[in-house]
Amino acid sequence: KELALISALWMCAVVYNASNLSSIRKDQYQLVKTWPQSPAEVNNVASNMKHQPSDSSKGFMPPHLHADDHPICSDNTAETILAGSEHWHIAAADAEISMYPLGGGTLGVQITSLSSKSEGVMQSFAGRLALQQQQAELLRDSAFVSLHEMSEAHHEHKAPDYDQYLGCDDGQTPAGTAVLVVESFHGGQMNLWHSLANHHGIWLLLQVLEVSPSDVTVILPNKYGTPFQYPPRFVSDVLWPMHIHTNTISSQRNCFEKLIFMETNSSPYWSLRFIKEICSAESPYMKMHQQFHEEAREAALRVIGLEQSIASNKAKQPKVCYMSRRLRPKRKRHFSKSFEEFMDSKLNDWASRYGDSIEFQRLEFDESVPFAMQVQQSAECSILFGVHGAGLGHMIWMESGAQVIEIGNHMGCETYYKSMAKWYGHLYTCFSELEGHKIKYDRNQVYHFLNVTLLLNVLDEAIVLHHI
């Protein structure tokens, strides 16, 4: 009888919640169907919505379970990474080895030299082949070790060649801290998502090790590390203050007290992008991403000299940014030429209706656009929309609380930018999940049509939300 009573109460709660959600969705649908047709009406709707109570409390969850109690809401924080770390001492090299599970098939490594040893000794006992074998034995002997396997050979994109920096010359004493990186840290030909993923991993590892930028002596090798270029050309040229205090040339090439590096098949970004709806903004997992966003945005704006000049976007008229891929015809996922022209015409007409009450800008980023300008233009956006692609990663420069509208394929959107938007405190909409999107998308990933009227309605809604 008790079990039957509990089941009945549970079903009543579910039905009650479904009814509430249904009415909420109906209200939202009605709002879209009767959307304001002029900028003046937009302001009226915004004013009315400010005084409407939030419906966020109407969601149902069993009273004994809070979303942030889920293990993934503490995943990949310094505490959980430290709990899974492994440490050992190599007597012949007089070196301490520490390895950390950074998630997403990613391994963090710190080699601490306690006394002066020659290059040959260090490479024999703490070089890549030696550490790979030692780690393999550790993984084989314990069922509880969760470390990503170390690579047998260095790799330009995945595992740095750290052997060349081991050991001391006669009379040297180990000193300083070197961070070793790979090509995706630098940026170069990598897209923005890949480079941000690598920076996030290095930043996370330094957080775990409690190594501040002022503790780091040099980032190696020089072709990917210090000194970084100015004016900036790549991601590392604006994010370096997150990892090192000064952007200067260091003559030190070996005999470091600490060597720090990361090995990855993907980086934590890739696997953790699937964590979307469960964790609240107050969970350790989300706070970690929020901190990365804040520090990355601050570093980039400081490097390009805009830290003081870009005030809060929330106090300004909305700037609506269209991330166009017109200058990227060789890339996947772009509009056909004829549809691009049609859509441009509709967007121009739409923006002209608002006059001076909004700013509308097409962002067309390729190698000809200085990276500092890409950061500046993106940082000023309060609403960013466009087709799925690395360009949406520029949301990292936007102030928290902005809005991102992604156009996926006819089936929906990947989780990359939805997760990134949630991490950084942006509102997110997948246009492809809206009823009536009418996306026509061929096997070559070229868009031939979508419901532009619906897209403009979504942009109208975003402008209303900006004013709330």
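# Close-up views of a predicted model

**View 1. With 85° about its S-S bond, the link of Cys 168 and Cys 255 is right-handed.** The structure shown here is a predicted model. The sulfur atoms of Cys 168 and Cys 255 are 2.0 Å apart and form a disulfide. Look for Cys 168 in the loop between helix H5 (128-141) and strand E4 (177-180), and for Cys 255 in the loop between helix H8 (236-239) and strand E6 (258-264); the pair therefore ties together parts that are 87 residues apart in sequence. Cys 168 and Cys 255 are both buried.

**View 2. Cys 73 and Cys 279 are joined by a disulfide with an S to S distance of 2.3 Å.** The torsion about this S-S bond is about -95°, so the disulfide of Cys 73 and Cys 279 is left-handed.

**View 3. A disulfide of Cys 321 and Cys 381 links a strand to a loop.** Here the sulfur atoms are 2.0 Å apart. With a torsion of about -95° about the S-S bond, the disulfide of Cys 321 and Cys 381 is left-handed. Cys 321 sits in strand E7 (residues 319-323), and Cys 381 in the loop between helix H12 (371-379) and strand E10 (383-387). These parts of the chain are distant, the two cysteines being 60 residues apart. Cys 321 is buried, as is Cys 381. To place this view among the others, note that the structure holds four disulfides. Counting bonded cysteines along the chain, the pattern reads 1-4, 2-3, 5-6, 7-8.

**View 4. Six strands make an open sheet with mixed pairing.** In what order do the six strands of this open sheet lie? Reading across, the order is E1-E2-E3-E6-E4-E5. Strand E1 (86-90) and E5 are the edge strands, each pairing on one side only. On average, and with direction ignored, neighbouring strands of this sheet are turned by 20° against each other. Strand E2 (residues 95-101) and strand E3 (residues 106-113) run antiparallel and are joined by seven bridges.

**View 5. Strand E4 is covered on both faces.** On one side of E4 you will find Thr 177 and Val 179, and on the other Ala 178 and Leu 180; all of them are buried. E4 runs parallel to E6, with four bridges joining the two strands. In this pairing, Thr 177 stands opposite Lys 258 in E6. E4 also runs parallel to strand E5 (residues 218-220), to which three bridges join it. Here Leu 180 stands opposite Leu 220 in E5.

**View 6. Helix H7 (residues 192-209) packs against H10.** The two helices meet at an angle of about 110°, and their axes are 11 Å apart. H7 and H10 are therefore roughly perpendicular to each other. The crossing of H7 past H10 is right-handed. Which residues make the contact between H7 and H10? H7 contributes Leu 196, His 199, His 200, Trp 203, Leu 204 and Gln 207, and H10 contributes Met 288, His 289, Gln 291, Phe 292 and Glu 295. H7 also lies across E2, E3, E4 and E6, the helix running at about 135° to E6.

**View 7. The whole chain has 14 helices and 14 strands.** The chain has 468 residues, and buried residues make up 49% of them. Of the contacts in the chain with a separation of 6 or more, 72% are accounted for by residues 24 or more positions apart.

Definitions and conventions: Residues numbered from 1 in each chain as written. Predicted model: local features only at pLDDT ≥ 70, side-chain atom pairs only at ≥ 80, totals over all residues. Heavy atoms only, no water. Disulfide = S-S within 2.5 Å. Buried < 20%, exposed > 50% of the residue type's maximum accessible area, 1.4 Å probe, protein only. Pairing = 2+ DSSP bridges. Axes fitted to C-alpha atoms, helices over the stretch in contact; angles between N-to-C directions. Parallel < 35°, antiparallel > 145°, perpendicular 65-115°, else oblique. Left-handed = near helix turned anticlockwise from the far one by under 90°. Contact = heavy atoms within 4.5 Å.
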